[in-house]
Amino acid sequence: MQQTNTAPVRILNIVGAMYPGGIENFIMNLYRHIDRTRYQFDFCVHDRRDGDYVPEIESMGGKVYLLPRLTRHPVRNLAAIEKLVRREGYPIVIRHTANALIAPQLLAAKRGGAITICHSHSSTDPQLTLHRIGRRMMKKAADVRIACTPEAGKWMYGDLDFQVIRNAIDIDTFLYSRERTRKISEEFHLEGRHVYGHIGNFFAAKNHLYLLKIYKEILDRDPDAACFCIGDGECRPQIEAGIRDLGLSGKVILTGLRRDVPDFMSALDVMIFPSTYEGLPLTLIEAQAAGLPSLISDRITKSVILTDGVIEQRSIDGNPADWAKEAIRIAESHPDRTCQREKIAAAGYDVTALARWYEQFFAKLLDKKSSR
């Protein structure tokens with residue numbers, strides 16, 4: 001369905017919030033690169049916070065609707081979605097999610113007249129009972145089922161058919177740069193120091209308390225090392241307490257939310273990523289674009305490894321000292337920071353190519369809808 005000399009078709013995305021994180025970063029990557037003369041993104045959220053993407057969304061012509069939270073006010077949430085979809089005439093609604101408990105939202109959007117798409121972004125989630133209930137509804141709730149990995153699709157849809165669509169990135173944004181390294185080095189006085197870091201929101205699954213134990217082992221061996229936690233979130237009080245308990249006050253830097261993550265990816269010598277579970281973490285794709293050596297948990301899917309010699313997996317059941325020794329070895333070896341662009345793009349993680357795919361995908365759905 002070619003759009004010419006007409007207003008763009010508005011696509012409604014339903015997410016918890018548009019605060020920077022893996023799912024949200026992916027959506028924004030796609031939004032920035034899609035042809036907005038043809039397709040415009042709007043958003044339903046249940047939370048708005050300082051530092052979220054709402055100002056950027058609105059600057060690009062998107063609308064953001066704040067609705068009651070599904071788990072607290074289910075009747076109000078579902079009624080609001082159905083009313084919004086019907087009133088604004090959204091032809092397509094996409095629900096981005098880590099679990100299937102959102103299936104009723106897709107049913108509400110369908111009652112409002114939309115084609116519904118479920119996009120699975122994880123292969124596990126702590127809300128297991130609600131997920132299992134919601135998964136039984138997916139055949140009816142989602143007209144189209146997509147997932148970021150085969151594992152995420154199996155988790156969300158069971159034996160139902162689905163399509164794997166990779167969570168792509170803007171590769172050029174993350175290329176290693178000495179100027180970026182210099183910028184961060186000057187801000188945090190890092191000259192001559194080895195720099196270790198973790199990039200991710202402060203949620204339990206990110207396993208920051210284990211990370212702090214690794215940092216302690218690093219600092220015991222290299223007292224001048226710089227150790228960063230880049231991000232923010234609900235577990236910050238526990239992380240701050242962990243820093244105090246391990247005697248790391250003044251030694252581990254909590255940067256808070258930063259919009260210059262690509263600069264940090266140039267400045268770090270090693271990224272440490274000991275998650276207890278993930279879908280497919282976009283941060284690790286970005287790290288590979290930056291050529292940033294990364295030690296990651298064995299609980300993370302191997303399909304995240306797209307390049308040679310950049311990512312190494314280790315057990316989080318093991319000794320943090322072993323992680324620390326390997327991180328120090330990597331930092332002292334000064335590995336090459338070349339981007340293996342062709343391998344990343346060939347695996348489906350180039351957002352420019354993905355945006356063109358989505359434009360064709362939306363056109364086919366709209367053609368199908370108009371022919372009903």
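**Close-up views of the predicted model**

**Figure 1. Lys 110 and Asp 143 form a salt bridge.** With a relative accessibility of 29%, Lys 110 counts as partly exposed. The structure shown in this and the following views is a predicted model. Asp 143, the partner of Lys 110, is likewise classed as partly exposed, at 36% relative accessibility. The closest N and O atoms of the two residues lie 3.0 Å apart. This pair links distant parts of the chain, since Lys 110 belongs to helix α4 (residues 103-111) and Asp 143 to the loop between α6 (138-141) and β6 (144-147), 33 residues apart. Side chains of opposite charge can pair when their charged atoms come close. In the whole model, the count comes to 28 salt bridges.

**Figure 2. A salt bridge joins the side chains of Asp 224 and Arg 193.** The N to O distance is 3.8 Å; the pair qualifies because the cut-off for a salt bridge is 4 Å. Distant parts of the chain are again linked: Asp 224 lies in the loop between α9 (208-221) and β9 (226-230), and Arg 193 in the loop between α8 (178-188) and β8 (195-199), 31 residues apart. Asp 224 has a relative accessible area of 46% and is partly exposed.

**Figure 3. Asp 232 pairs with Arg 236 in a salt bridge.** The closest N and O atoms of these residues are 3.5 Å apart. The relative accessible area of Arg 236 is 21%, which places this residue in the partly exposed class. Elsewhere, salt bridges with shared partners connect Arg 180, Lys 183, Glu 187, Arg 258, Asp 260 and Asp 263 into one network.

**Figure 4. Tyr 19 is a buried loop residue.** Tyr 19 is located in the loop between β1 (9-14) and α1. Its relative accessibility is 11%, and Tyr 19 therefore counts as buried, the limit being under 20%. Beyond its neighbours within four places in sequence, Tyr 19 contacts Glu 24, Arg 49, Asp 50, Gly 51, Asp 52, Asn 201, Asp 232 and Leu 257. Tyr 19 and Thr 307 are separated by 288 residues in sequence and by 29 Å in space, C-alpha to C-alpha.

**Figure 5. Helices α5 and α7 pack at an angle of about 80°.** The axes of α5 (residues 128-135) and α7 (residues 150-157) are 8 Å apart. The angle makes α5 roughly perpendicular to α7. On the α5 side, Leu 128, His 131 and Arg 135 take part; they meet Lys 154, Trp 155, Met 156 and Tyr 157 of α7. Sorted by class, this contact comprises four nonpolar residues, one polar residue and two charged residues.

**Figure 6. Seven strands make up an open sheet with parallel pairing.** The strand order is β3-β2-β1-β4-β5-β6-β7. At the edges stand β3 (64-66) and β7 (163-164), each of which pairs on one side only. Strands β6 and β7 run parallel and are joined by two bridges. Ile 146 stands opposite Gln 163 in β7. Helix α1 (residues 22-33) packs on the sheet, where this helix touches β2 (39-45), β4 (92-97) and β5 (115-120). The direction of α1 makes about 160° with that of β2.

Key. Residues numbered from 1 in each chain as written. Predicted model: local features only at pLDDT ≥ 70, side-chain atom pairs only at ≥ 80, totals over all residues. Heavy atoms only, no water. Helix = DSSP H or I, 4+ residues; strand = E, 2+ residues; numbered from the N terminus. Buried < 20%, exposed > 50% of the residue type's maximum accessible area, 1.4 Å probe, protein only. Axes fitted to C-alpha atoms, helices over the stretch in contact; angles between N-to-C directions. Parallel < 35°, antiparallel > 145°, perpendicular 65-115°, else oblique. Contact = heavy atoms within 4.5 Å. Nonpolar A, V, L, I, M, F, W, Y, C, P; charged D, E, K, R; others polar. Pairing = 2+ DSSP bridges.
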